[in-house]
Amino acid sequence: MGMQVVMALAAGLGLFLYGMKLMSEGLEKAAGARLRKILEMVTKNRFLGMLMGILFTAVIQSSSATTVLVVSFVNAGLMDLMQAAGVILGANIGTTVTAQLIAFNLSDVAPFFLIGGVVMVMFFKQPMIKRIGEVILGFGMLFFGMSVMSGGMETLKESEIIVHILSSLTHPLLAVGVGFLVTAVLQSSSATVGIVLLMASQGLIPLGICFYIILGCNMGSCVSALLASIGGKKMAKRAAYIHFIINIVGSAVIMLVLCFLHDEILELITGISSAMGLKDVYVDGINAKIARDVANTHLIFKVFQVFVCFPLVKPIVKLTYLLVPGDDKKADNMHLEYIGENNVFSTTAAVPNIISETTRMAGIAIDNLSKGIDALFTKDPDVIEEIYKTEESVNFLNEQITNYLVKANQLSLPVEDRKLLGGLFHVVNDIERIGDHAENMADAAKQLSEDGLSISKDAENQIREMFGKARTLLQYSLEAFEKKNEEHLRDILSLEDEIDELERVLQQSHVERLTGGECDAETGMIFTDVVSNIERVADHATNIAFSIMSDDVQKPELKRF
């Protein structure tokens, strides 16, 4: 086997793998955000979740990407383990679409896909057209790579050494090990099955041994999710183990069945291809019938695996709690919980994870603001000091989330998610400003304590009434931001108008108290500042609610301070 053959095989494999990656990532960028929304909606039902897992994986052409996305969702608290199990089962079936496509052997039309994809990527400015162009380009590269590899493998058949090595691959466990290792390295079971399909169709390995290599691929595909979960929470690790257990159990059952019914299964699979009218004829060096046999084997094994494991989901979920015992330590406020280098990452899940972290930051800021309001009346020095300390953590989260947003802006995110990044920058800034208002309250409480001043009961009731409205507005805004829920948008605008009017009324009543000698000027200034701060908080809350809403939602003029 000369260097020219080695280079042809390496070049073909490189084009094949890169084409598959480009196609998968292009599909994820173009449709990932929309599919993710559907995924979030239908996973309440395990069966619907499985169907969605099939669809999602069939579209983005990668069960590994789907599983990592699911692990990311579990890590962010957007999905529980039972829902995750349904999607993972579906992903196992959806991944078979790639092999079915490869079995069509579209090498002859690959150049048309290549030139079409290049034109769309290079000469169109619209992001969506560019993404679709990447998909088409990747599709063309995949089949062109297959064609190059096929040419190289034809020469391999003439090498006695290669034929001897491949013919010695007769032990089932050895074949399983090869499938596992190759998939673990390539990080794609679809790619490994594609290579196996090509080798089998060239007559380099028999269909019977392909059975076991494919089983090894099933288990090797778990590596991506297991690696992705290493830095995640315990629930994310459990989700990855669900994928691992399903594939191990399913593969073990199939191995057991093959021990007794190997020949019958071989006859069944070859019979399916014969019924489809396929014959043992080589076209461009590829036997279409054997290629379809391998693709059908992959599909039948995956469907059978899901059939076996679907009723066992509850025991499998319980088993993951034994494998990963205990609960996560609650993250302190000076640490990130959902994003960062030590968390599960998927480009499709990046924005949902940022939203989860930002919502957490908002919760901390709002609780701190409530303490600031209470401190005005209790003047407790320990509470005041706690407010200052918490404000430091809000500033820390603001800096870290902003840095992460900058990094996310440089990634190949789904088109719809990229549109949200600008709004997310503003939301984080608005939350940080709410934190500043909590600190302002602490400053006012400290001044009242040091000067021996007190706010009158009447003024206290007015402040609490106004803050109660602002707190409700904040709750509605966070719900709208986190879930893109438009249910309370009218209430948010109405509450903001009420708070604006209430500020005007309270400022007027303050003037009347000053005129009547009911309070001194220094206390009155603090009261004025507090009321003004609460009104600003309401403005920031409204900004948060509308910052990442779709363009068809009528937005008020956002206020930036």
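A salt bridge is counted here when a side-chain nitrogen of Lys or Arg lies within 4 Å of a carboxyl oxygen of Asp or Glu. The structure is a predicted model, in which local features need pLDDT of at least 70 and side-chain atom pairs count only at pLDDT 80 or more, while totals for chains, interfaces and linings use all residues. Residues are numbered from 1 along each chain as its sequence is written, and side-chain values use heavy atoms, with hydrogens and water left out.

With this rule for salt bridges, the count comes to twelve. Side chains of opposite charge can pair when their charged atoms come close. One of the pairs joins R131 to E134, with 3.5 Å between the closest N and O atoms. Both residues sit in helix α7, three residues apart, or about one turn of the helix; helices (H or I, at least four residues) are DSSP runs, numbered from the N terminus. R131 counts as buried at 15% relative accessibility, and E134 counts as buried at 13%. In these terms, buried means under 20% relative accessible area, exposed means over 50%, and partly exposed lies in between (1.4 Å probe, protein chains only).

A second example brings together K457 and E460, whose side chains meet at 3.7 Å, N to O. These two are three residues apart in helix α19, so about one helical turn separates them. Here K457 is exposed, with a relative accessible area of 56%, whereas E460 is buried at 12%. E501 is partly exposed at 39% relative accessibility, and R504 is exposed at 51%. Salt bridges can also share partners: D374, K457, E460 and R464 are joined in this way into one network.

Attention now turns to the aromatic rings. A search of the whole structure finds four aromatic pairs. Rings of Phe, Tyr and Trp (its six-membered ring) pair if their centres lie within 6.5 Å; planes under 30 degrees apart count as stacked, over 60 as edge-to-face and the rest as tilted. The ring centres of F113 and F139 are 4.9 Å apart and their planes stand at 65°, so this pair is edge-to-face. The pair links distant parts of the chain, since F113 belongs to helix α6 (residues 110-123) and F139 to helix α7 (residues 127-156), 26 residues apart. F113 is partly exposed, with a relative accessible area of 27%, while F139 is buried at 14%. Together with F143, these two residues form one aromatic cluster.

Patches are made of residues with over 30% relative accessible area and no salt bridge; like charges are joined within 9 Å, and nonpolar side chains (Val, Leu, Ile, Met, Phe, Trp, Tyr) within 5 Å. A nonpolar patch is formed by I115, V119, M122, F123 and F124, with about 520 Å² of accessible area together, as given by the Shrake-Rupley method with a 1.4 Å probe, where for residues only the protein chains shown count as cover. F124 lies in the loop between α6 and α7 and is partly exposed, at 34% relative accessible area.
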